[in-house]
Every structure is written in structure tokens, then in C-alpha cells.
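Please read them with the structure open.

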Amino acid sequence: MSSKPTVLLLRNDYPQKAVDLLRTRCNVEMCKSSKKDGRIIAEDVLECVQGKFSIFCHNSRILINEQVLKAAGPSLKVIGTMSVGYDHIDLTSMKKYGVRLGNTPGILTESVAEIAVGLIIATTRRFSEANRELKTGGWKEWIPGRMCGRSIKGSVVGILGCGRIGTSIAEKLVNFKVSQLLYTSRNEKPDVKALGGQLVTVDELMERSDFVVVAAALNDETKFIVNRERIATMKSNAILVNISRGQLIDQDALVEALKEKRIRGAGLDVMTPEPLPLDHPLIGLDNVLLLPHIGTSTLELEEEMAVMTAQNILAVLDGCPMPNEVVF
């Protein structure tokens, strides 16, 4: 029997480069599915996790909670998540059982910022509606005012949560010659200030912005930070973009505002739940553009994130600092 520690993968299609890296030092085992379609569910993880050194996971509906940690036993030393967010992991239980956590921040900044800018352009210029008209024969001739969107130039842009991703979004958007750049953060950001950015409160940002980009991390303080009351204060021509986590927004209140045309539109790469049910009211609205959480979906970035996850796991095996450890 091999003396190598075993890493449990929660998918069988993580980038091969990361799997090969793990195999240089560890046994790698795919979590077995009890479902005909091969989908992994929580019960499968409980069945397979005992005796494992690590779990290689991603931000999914499978929760790494006390039940999982207890089932794994004392051999479990590290969780490597192929994501920046870790709201699928119970940090209180991780601390209780002495299990460490590695994630993948930093490297995905540019890809997610690109999606934010893309959503702003596509939503304000009504790409989805225009494309549908072209494909269904609605485009017959030029008519004044038809399919007119609004330019980013001269607008007020607000970035709610200005960390690495928010800063990168700001750097890109100033090139569109916006009139004002607002942002929220715990502290003033010198890089954003140098771009002309103004640090404001969440309430002020929501009230003044033509485009609101939600880029905050999800935690107890920020959950539903874009609540019903704040949505009610938005400009009637405002567009709301979210590239962070669905639970940052009161989605029911957003649906109502979009239906009643109290705001102009929304562009969402994240929502609640994910995947969004096909009968969800957001699906049928013309003034919302929805993407299936593809902010990090580039081939290069997925491989880089997977390799970093493997490196985090191997660092714990070697007794070295992880490249990116979540401290809790």
C-alpha cells in the first residue's frame, strides 16, 4: 500500500497540468458519484473523504462543512479551492479541526475585470436585444431612437468594493472618458485616487452612479449590501452590474425594479441560485443580460488557478507557506 497522502478531487475534469503536479507527490482520487449523470453530491463526498490528506474543490453547491471535516478524520490537513471566494467552506469548522485553506486570488483579476467592462458595454448598448431582433427579422430599416443605448462617455461610474478587481475595472473604465469615478472601500485607494476616483459611502455611490459595478467580497457585512432601499435610490437610467457574488444583491428587489423599469437595466455574471432556474423571472426580462458565471472562464486562467490550487496543497505537505492561504 502506498504511503503517499491522497488528494480527493471533486471533479474529474480539472486542468490536467494541476492533476499531474499533484501526482508527483500524492495519490489522486476522484470522488465517486452515486448519480447516473456523474454529478457529485454532498453524500458522495462524505462517502469518499475518509483518510484523505486534502480536498481539491471549487466554488460549488457542495459545502465543505463540519460534517465533511469530521468524516475525513485527522488525516485531512488542507482544502484547496480553485476560486477566490470561499463562501462554500465553513471557516469556523476548519479552525475547529485545524484544517488549512488555500485559494487563488490575484491571478484572475484581469479576466473578471474584462467581464465587468463587457457587461457594461453589452447592457448599455443593448447587445442582447439587438442580436435577437437581427435573428428574428425585426431589423428592417433604420428608425430614429430604435435600439439606442447610452454611452459610457460622460457618465458617472461607481465601483462598489474596490479591491484588486475593482481597481482594474476602474483603470479600464477611465479610458472611456467617464465624467466621474466613484468607489467604496474601507480605506482610500491611492491607485484609484490617481485616476480621479472619489471615495464615497455605499449610499452615495448608489444614488449618484449611472453605472454601478458590484465587485465586493461576500461576507456577513456585505451580504445584500445592494438591498431594496438602496436599489430604490438608484437613478432611473442606471445600470447595475455584478461580477462578484449573487448574494450581494437583493435579487427579488432587483427583479421588481427591472420589471417596473425603475432602473434601466442589469448585467449579471453571478446570481442566486446558480444555475438560475429556467423559469426564474430574470430569464424573461429584456433589460437584463445574464451570463453563466464565466468571469474566470479563459483557458489560460483556469489552468493557472488549478496549478495554484495544487501548489497550495503541496506546500502544506512540505511544511512550507502556501502561495495563497486564507487566514482565519
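**Notes on the model**

1. By class, the lining of the largest cavity has 5 nonpolar residues, 3 polar residues and no charged ones. Here Ala, Val, Leu, Ile, Met, Phe, Trp, Tyr, Cys and Pro count as nonpolar, Asp, Glu, Lys and Arg as charged, and the others, Gly among them, as polar. The lining consists of Asn 242, Gly 246, Ile 249, Gln 251, Leu 254, Leu 268, Val 270 and Met 271. The space in the largest cavity is about 40 Å³, and the structure holds 1 cavity of 30 Å³ or more. On a 1 Å grid over the protein atoms alone, a cavity is a set of points where a 1.4 Å probe fits but cannot get out, a pocket is an open set with protein on both sides within 12 Å along at least five of seven lines, and lining residues have an atom within 4 Å of a point. Grid points are joined across faces, edges and corners, and a volume is the space filled by probe spheres set on the points.

2. On provenance: the model is predicted, local features need pLDDT of at least 70, side-chain atom pairs count only at pLDDT 80 or more, and totals for chains, interfaces and linings use all residues. Residues are numbered from 1 along each chain as its sequence is written, and side-chain values use heavy atoms, with hydrogens and water left out.

3. The second largest pocket has a volume of about 290 Å³. It is lined by 17 residues, of which Arg 126, Glu 129, Arg 264, Asp 286 and Asn 287 are the closest to its centre. Its lining divides by class into 7 nonpolar, 5 polar and 5 charged residues. Helix 5, helix 6 (127-136) and strand 12 each supply at least two lining residues; helix 6 gives the largest share, 3 residues. Helices (H or I, at least four residues) and strands (E, at least two) are DSSP runs, numbered from the N terminus.

4. An open sheet of 7 strands has the order 8-7-6-9-10-11-12, with parallel pairing; two strands pair if DSSP finds at least two bridges between them. Strand 8 (197-199) and strand 12 are at the edges with a single partner strand each, so one side of each has no neighbour in the sheet. On average, neighbouring strands of this sheet are turned by 15° against each other, direction ignored. Axes are lines fitted to C-alpha atoms, for helices over the stretch in contact, and angles run from 0 to 180 degrees between N-to-C directions.

5. Within this sheet, strand 6 (residues 156-160) and strand 9 (residues 211-214) run parallel and are joined by 4 bridges. Ile 159 stands opposite Val 213 in strand 9. Helix 5 (residues 109-124) packs on the sheet and touches strand 9, strand 10 (239-242), strand 11 and strand 12, its direction making about 150° with that of strand 10. Helix 7 also packs on the sheet, touching strand 6, strand 7 and strand 9, and its direction makes about 165° with that of strand 6. Contact means heavy atoms within 4.5 Å.

6. Strand 4 runs parallel to strand 3 (residues 54-57), with 4 bridges joining them; Cys 57 stands opposite Thr 81.

7. Two cis peptide bonds deserve a check. One joins Thr 272 and Pro 273, with omega about -5°, and another joins Glu 274 and Pro 275, with omega also about -5°. Pro 273 is in the loop between strand 11 (265-268) and strand 12 (288-290), and Pro 275 lies in the loop between strand 11 and strand 12.

8. Lys 177 has phi of about 60°, lies in the loop between helix 7 (164-173) and strand 7 (180-184), and is exposed, with a relative accessible area of 59%. For His 293, phi is near 50°; His 293 sits in the loop between strand 12 and helix 12 (299-317) and is partly exposed at 32% relative accessible area.

9. Asn 324 lies in the segment after helix 12 and is buried, with a relative accessible area of 18%. Not counting residues up to four places away in sequence, Asn 324 touches Leu 101, Gly 102, Asn 103, Pro 105, Met 308 and Asn 312.

Methods: Buried means under 20% relative accessible area, exposed over 50%, partly exposed in between (1.4 Å probe, protein chains only).
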